[in-house]
Amino acid sequence: MKESQHIEWKESWRDEYLKWICGFANAEGGVLVIGRNDKGEPVGVPNARKLLEDLPNKIRDVLGIMADVNLVKKAGKDLIEIRVEPYPTPISYKGEYHYRSGSTKQELKGAALDKFLLRKQGRTWDGMPVLNVAIRDLSKDAINLFRKLARQSKRVESAILREPALALIDKLHLQDGKYLKLAAVLLFHRQPEKFVTGAFVKIGFFRTNDDLLYHDEIHGDLFTQVSKTIDLLLTKYLKAAIGYEGIQRVETFPVPETALREAVLNAIIHKDYATGTPIQISVYADKLMIWNPGQLPPAWTVEKLKSKHSSQPFNPEIANVFFRAGEIEAWGRGIERIFTECREAGFPEPIIEYETSGLWVNFPFSKEIIARTSGQPGEKTPEKTPEKTPEKTPEKILAVLAEHPDLSLAEVAARIGKSDSAVERAAAKLVKSSRLKRVGPAKGGHWEVLQ
C-alpha cells in the first residue's frame with residue numbers, strides 16, 4: 001500500500017493535519033491514517049483512545065464537516081483512520097482552501113482558487129458575466145459567420161438563426177441575466193483582449209529553441225483566430241511535399257490538415273483564459289508544437305485523454321457554440337481524431353505532455369517529408385531590414401501607440417510585423433520630428449502621440 005490521491009499517512013497527530021482533511025473533502029475524499037510512518041509501517045498511536053473522542057469534534061468545529069474516525073489495529077498497533085467524503089460545497093480551514101492532488105496537498109490561491117470555487121458552485125469561468133458590454137458591441141461579421149456555419153451543420157434550428165442577434169445570443173445561453181457571458185465576448189467581440197488578457201495566438205518559426213526566425217500574432221474573435229491560425233500555418237509556416245498523381249499536382253503537408261485543425265480547435269476551445277497567456281505554436285524544420293495554457297479535468301492523465309473518454313470541456317459555453325457551428329463533435333473525440341488522422345496518413349503519432357502550466361501537443365514530422373521538403377522553394381527566411389524604413393511604418397507606429405501608449409517598442413514591432421531595429425529607427429525619427437514623445441522612464445513610462 002502506498003500514499004496516493006486517496007491515502008495519506010502521519011506518524012502522530014497534529015492539529016495542522018486538519019488541512020489534509022480539508023484537502024480530501026475538497027477533492028475526491030480519502031483516508032488519513034494516524035500511526036504509520038513515511039514507509040507505511042504501523043508504529044501505533046499512544047493516545048489513540050483520546051483521539052477517537054477528540055477528533056470528530058475538532059473536525060466538526062474547525063472545518064464544519066463530519067468524518068468517520070475509527071480505531072483499527074495493525075501488527076498489534078493502535079491506528080486511527082479518518083475517512084473523509086468528498087463535499088459538494090467548498091470547505092475551508094480557517095479561511096484557507098486546501099485541495100488533494102495526487103499524493104500532495106495544495107493550498108489554493110489566486111486563479112486556482114477562483115476556478116475551484118466556481119466549479120463547486122456548478123459554474124465555469126467562461127460562463128461568468130461581463131459588465132459594460134452590450135450586444136451592439138459584438139462583431140456582426142462574427143455573428144453572421146456563426147449563422148452560416150450553423151446553417152450548414154444543421155445543429156441550430158433555421159428559425160433561431162433568422163432571429164436578431166440578441167435573441168440568438170440568448171438561445172445560445174450566452175447571457176447571465178442582463179449581462180453577456182465571457183464566452184460571448186471571446187466568441188464574437190472584435191477585440192476580446194480588451195476584457196481577457198492574452199486571448200490571442202502566437203506562431204513562430206524556430207531554427208533552434210533560442211533562434212526565432214519570424215513570428216505572427218492572430219487576434220480577434222475565436223472563429224477568426226481558428227481560421228487565420230490554420231490558414232497561416234498552411235500558407236507560411238509548413239512546407240508541403242510536392243508530388244503528382246498523373247498530371248494532377250498533390251501537396252502533402254507534414255501534419256494532416258484535419259489533425260492540425262483539430263489540434264488548433266482543441267487549444268482555442270479548451271484554453272484556460274484566466275491565465276492571461278496566449279496559445280503558442282512553435283514550428284521547426286522537423287516538428288510543430290502547440291502549447292495550450294489549459295488544464296485536464298481533476299484526476300485525468302494523458303493516457304485517459306488519449307483513450308476513449310467522456311466530453312468534459314474546460315469552457316463548456318465556448319465548446320457548445322463551436323459544436324453548434326459544426327466545428328467540433330460533442331463526444332470528446334478531438335484527440336482520438338488527431339491520432340487517427342496521423343496514423344492513416346502514415347505519419348508519426350503526436351506526443352502529448354501535460355505539466356502544471358499547460359498541455360503540449362507535439363507533431364514530429366516523418367523523415368520522408370523532411371527529406372522531400374528540405375531545401376524546397378518557399379522556405380521562409382527573415383526579411384532583411386531595408387536601408388530606409390518604409391513610408392507606412394511611422395504611421396503604423398503612431399496608430400498603435402495612440403491606442404496603447406504603454407507598449408514597448410519591441411511589442412509595437414511584434415504588432416506591426418517589423419523588426420525591432422526598424423521600429424526603433426522610425427520611433428527615433430518621430431521623436432526628433434516632434435511627432436512622438438516619451439513620458440517617464442523606459443520602464444513604467446508611456447508614449448504620447450503629439451500629431
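What you have open is a predicted model, where local features need pLDDT of at least 70, side-chain atom pairs count only at pLDDT 80 or more, and totals for chains, interfaces and linings use all residues. Residues are numbered from 1 along each chain as its sequence is written, and side-chain values use heavy atoms, with hydrogens and water left out.

Switch to cartoon. You'll see 16 helices and 19 strands; these are DSSP runs numbered from the N terminus, with helices being H or I of at least four residues and strands E of at least two. The C-alpha atoms fill a box of roughly 85 × 60 × 55 Å along the principal axes. Of the 451 residues, 44% are buried, meaning under 20% relative accessible area with a 1.4 Å probe, protein chains only.

**The six-stranded sheet**

Next, pick out the open sheet that runs S11-S10-S14-S15-S17-S16, with mixed pairing (two strands pair if DSSP finds at least two bridges between them). Its edges are S11 (211–218) and S16 (351–355), each pairing on one side only. Neighbouring strands here are turned by 15° against each other on average, direction ignored.

Now zoom in on S15 (287–292) and S17 (358–364), an antiparallel pair held over six bridges. Select Met-289 and you'll find Asn-362 of S17 opposite. Then bring up helix H8 (222–237), which packs on this sheet and touches S10 (201–208), S11, S14 (279–283) and S15; contact means heavy atoms within 4.5 Å. The direction of H8 makes about 150° with that of S11 (axes are lines fitted to C-alpha atoms, for helices over the stretch in contact, and angles run from 0 to 180 degrees between N-to-C directions).

**A glutamate in a loop**

Select Glu-327, in the loop between H11 (316–324) and H12 (334–344). Is Glu-327 buried or exposed? Glu-327 counts as buried because its relative accessibility is 15%. Show its surroundings: leaving out residues up to four places away in sequence, Glu-327 touches Leu-149, Phe-223, Arg-261, Leu-265 and Phe-322.

**The three-stranded sheet**

Last stop: an open antiparallel sheet in the order S7-S9-S8. S7 (129–130) and S8 (175–176) are the edge strands, each pairing on one side only. S8 and S9 (179–181) pair in the antiparallel sense over two bridges. Click Gln-175, and its bridge partner in S9 is Leu-180.

Methods: Buried means under 20% relative accessible area, exposed over 50%, partly exposed in between (1.4 Å probe, protein chains only).
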